[in-house]
Amino acid sequence: MQIYVTNDYEAMSRRAAAVMAAQVIAKPDCLLGLATGSTPVGLYRELAAGCAAGDLDFSHVRTANLDEYAGLDGTHDQSYRYFMNKNLFDHINIDKANTHVPNGKAPDLEAECRRYEALLKELGPADMQLLGMGHNGHIGFNEPADAFIAPTHVVELTESTINANARFFADREEVPKKALTMGVGAIMRAKRILMVVSGADKTAAVKAAFAGPITPRMPASILQLHPDVVLVGDQAALAGLLETGVAVCG
Ligand code: GLP
């Protein structure tokens, strides 16, 4: 695992964007696995700036997002499709037909999971999978559970996740209780994982995920088994992990 520690959120965003930009430059038709949440927003802003400056070309890039809320369609301002358009796709020269997000409004969610999983297999392994991390160690919406679930599946969100996401909704009651998420299978098939973490509220989860036991109770811990993980975080988020004496790259 490569670990990069930065002073703050902005520096984390720049460093992580550089890692992703290098991927896009090295393979212009790469498949990027993308994530939502507040952590990657700065990274996306940097990529958009790189595209505006003419340094990055997304015209052949393909993307597949991790997850979507059940019950929200892509025009809902809290849907992850809307988030991706607003934070990235509307600002880069990507063909939206090459961007994929599970359909949270599908009439049959189980069938939608099967469709998305088949699509992921057809697209092939992501060249780079971007991940954030929930406070309970969730990746995508793979919540703590008794077992790791490999394929795309419907998940009941935990209280912790509903509470964390409530800040984006006018009323807590409006926060969806279910989501569709890529499972750990497609995440682990990615050739390279780029995880971004920021803030002191993530430090316990980051330490548990990378220095604790590998367990579905801490979903991100499965990344210890991946051969190529790049972890970019600010001091506050990495403080706990750094206490364990792990080597850092810069
Ligand atoms: C949501 C997303 C995750 C994301 C997490 C953390 O639950 N499904 O993919 O990693 O939020 O979000 P934030 O970056 O806002 O802390």
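I count a residue as near a molecule if one of its heavy atoms lies within 4 Å of it.

**Ground rules.** The model is predicted, so I note that local features need pLDDT of at least 70, side-chain atom pairs count only at pLDDT 80 or more, and totals for chains, interfaces and linings use all residues. Residues are numbered from 1 along each chain as its sequence is written, and side-chain values use heavy atoms, with hydrogens and water left out.

**Ligand shell.** I looked up the residues around the ligand and found 14, of which Ser38, Thr39, Asp67, His138 and Lys202 come nearest. By class, the shell holds three nonpolar, eight polar and three charged residues; Asp, Glu, Lys and Arg count as charged, and Gly is among the polar ones.

**Polar atoms.** Which side chain has a polar atom 2.6 Å from an oxygen atom of the ligand? I found that it belongs to Lys202. A ligand nitrogen is 2.8 Å from an N or O atom in the Asp67 side chain, and a nitrogen of the ligand is 3.1 Å from a polar backbone atom of Gly140.

**Salt bridges.** I counted 11 in the structure, each a side-chain nitrogen of Lys or Arg within 4 Å of a carboxyl oxygen of Asp or Glu. One of them joins Lys121 and Glu117, at 3.6 Å from N to O.

How values were computed
Polar contact = N/O pair within 3.5 Å; in protein donor to acceptor, adjacent residues only side chain to side chain.
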